[in-house]
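I set out to record what I looked up in this structure, entry by entry. The entries follow below.

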Amino acid sequence: MATQHSIKNKTNGAEATDSTLLHRYRAAFTQSRDAILFFQHGRIFDCNPAFLALFRIPHRKQLAKLDIDNLSPFKQPNGQRSDIAGNIRIKRALNTGQAFFDWQMRDLGGREFPAEVMLYRLDLPEGRVLQATVRDISERQAQRQALLQREQDLLEAQRIACLGNWISDFERSEIRWCEQIYQMFGRPQGEHITHAIFMQAVHPDDRDHVQTAFDAAMRGAPYDIVHRVVHPDGRVRTVHARGQIEFSPDGQARRMIGTVQDITEQKRLEAELAHSAITDHLTGAFNRKRFDEEIEKALARLRRNGVSTALILLDIDHFKPVNDTHGHDVGDQVLVELTHLIQESLRVPDLLARWGGEEFVLLLPDTGLSEAYYLAERLRQLIASHCFTVVRTITASLSLTTLQSTDCPHSCMKRLDEALYQAKHAGRNQVIEAPPIVSVCNQPH
Ligand SMILES: Nc1nc2c(ncn2[C@@H]2O[C@H](COP(=O)(O)OP(=O)(O)OP(=O)(O)O)[C@@H](O)[C@H]2O)c(=O)[nH]1
């Protein structure tokens, strides 16, 4: 008795479940937001409301007149004819049971839109039919397009800023560079980059510096370094790299993520600025600022190591008549020519500065009085024998001295000035040695 009752319940339960399921399937079909249709031999014989809405079919009765080809434009965006390309996919679904693809659709109002299509073959007692699920992906594509556009904008901004981004993946032992960095490093796009290849591209003189910064970054310090890179063709660029290590929860360094900026041009401008700050614009000789720095260093060297430094002061004779007779431009030209003439006679450590107007000063490290006299005399003769543009002949008067440990810049320049005055008074075009007196410096400097 008990067994009979239980079978009846089971039977009732099974009947109830089937009808519920049918109800649910129907609801899923009619309420689905995806457009679903069934077709056979190109004719649609059933669809859900989402399909009618998506393709703007006003009434279900119109389905009878509708061919599956009416739902696509004549050609797909890749130029293929929709009917031919569509048939290939239908055949694939019939043969293999399914086919998934992206497709350009067209509704009855003529609006075209991209869609994702899933075709399933259904083997029904009345024959093989195809179920198609069509999903409008125009919004997704618009989002993808916007994302692509943003990526391109970012790349463009990075290009303008000469900036690139990189990831050093320690787990895979590789470095991933953006396009920009391959250009910055002069490497072929897409080359597999390892730490060793990166270090090879770093200027040999900067490698230790980069490795030290990298090791510090591995201990958690920010990676922030300026270094040079050498292109395979030998060109050198200067870059500013910044990065930060990412650690896993157990404290393992997983990867370093960062940026690198090409600052070659900025460095060139800085160097140009620094150079112009210590250079006389007309002649290209150093200016007084640079001379003042160098004389202080020479005095410090003398006091520390007893290294002798000589100074020569040079003043063009009768320069005023040059300007008065030939004009200021010719006077300028004489100053430039004279500078080149002197510079060609100097050693690398010697420094030529324009002291003012038509006066120049030479600082000669590691030079004694007799050597300085020899150079001064040589310069005097060179100037007197040189044929200057327009003016042809000019002469110069020179004085010289060596730095004394009790000197200050002011005292030795005073000594030189006095000796130069004597040279002028003695008839110009001559060299006078300033007596090496022990000076007491009371001038603030
Ligand atoms: N063209 C040109 N002339 C300059 C420049 N700086 C100074 N001078 C000129 O140099 C001349 C110097 O004249 P003075 O100080 O009288 O000396 P000098 O005529 O050379 O006579 P001595 O030094 O006594 O032999 C002046 O005419 C200045 O105008 C410059 O940058 N360009």
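I consulted a predicted model, in which local features need pLDDT of at least 70 and side-chain atom pairs count only at pLDDT 80 or more, while totals for chains, interfaces and linings use all residues. Residues are numbered from 1 along each chain as its sequence is written.

**The sheet with β11.** I noted that β11 and β14 (residues 396-402) pair in the antiparallel sense over seven bridges. Strands pair if DSSP finds at least two bridges between them; strands (E, at least two residues) and helices (H or I, at least four) are DSSP runs, numbered from the N terminus. The open sheet has five strands in the order β12-β13-β11-β14-β15, with mixed pairing. I found β12 (351-356) and β15 (431-433) at the edges, each with a single partner strand, so one side of each has no neighbour in the sheet. Direction ignored, neighbouring strands of this sheet are turned by 20° against each other on average.

**The ligand shell.** I looked up the surroundings of the ligand and found 16 residues, the closest being D317, F319, K320, G331 and G357. A residue counts as near if its C-beta atom, placed from the backbone, lies within 6 Å of the molecule. β11 (309-316), α10 (319-326) and α11 (328-343) are the elements that give two or more residues to this shell. α11 gives the most, with four residues. By class, I recorded four nonpolar, five polar and seven charged residues in the shell. Nonpolar means Ala, Val, Leu, Ile, Met, Phe, Trp, Tyr, Cys and Pro; charged means Asp, Glu, Lys and Arg; the others, Gly among them, are polar.

**α10 and α11.** I then examined these two helices, whose axes come within 6 Å and cross at roughly 135°. Axes are lines fitted to C-alpha atoms, for helices over the stretch in contact, and angles run from 0 to 180 degrees between N-to-C directions. The helices are therefore oblique to each other; angles under 35 degrees count as roughly parallel, over 145 as roughly antiparallel, 65 to 115 as roughly perpendicular and the rest as oblique. F319, V322, N323 and H326 of α10 meet H328, V330, G331 and V334 of α11, contact requiring C-beta atoms, placed from the backbone, within 7 Å.

**The other sheet.** I lastly recorded an open sheet of five strands, ordered β7-β6-β10-β9-β8, with antiparallel pairing. Its twist averages 25° from one strand to the next.

Terms used
Contact = placed C-beta atoms within 7 Å.
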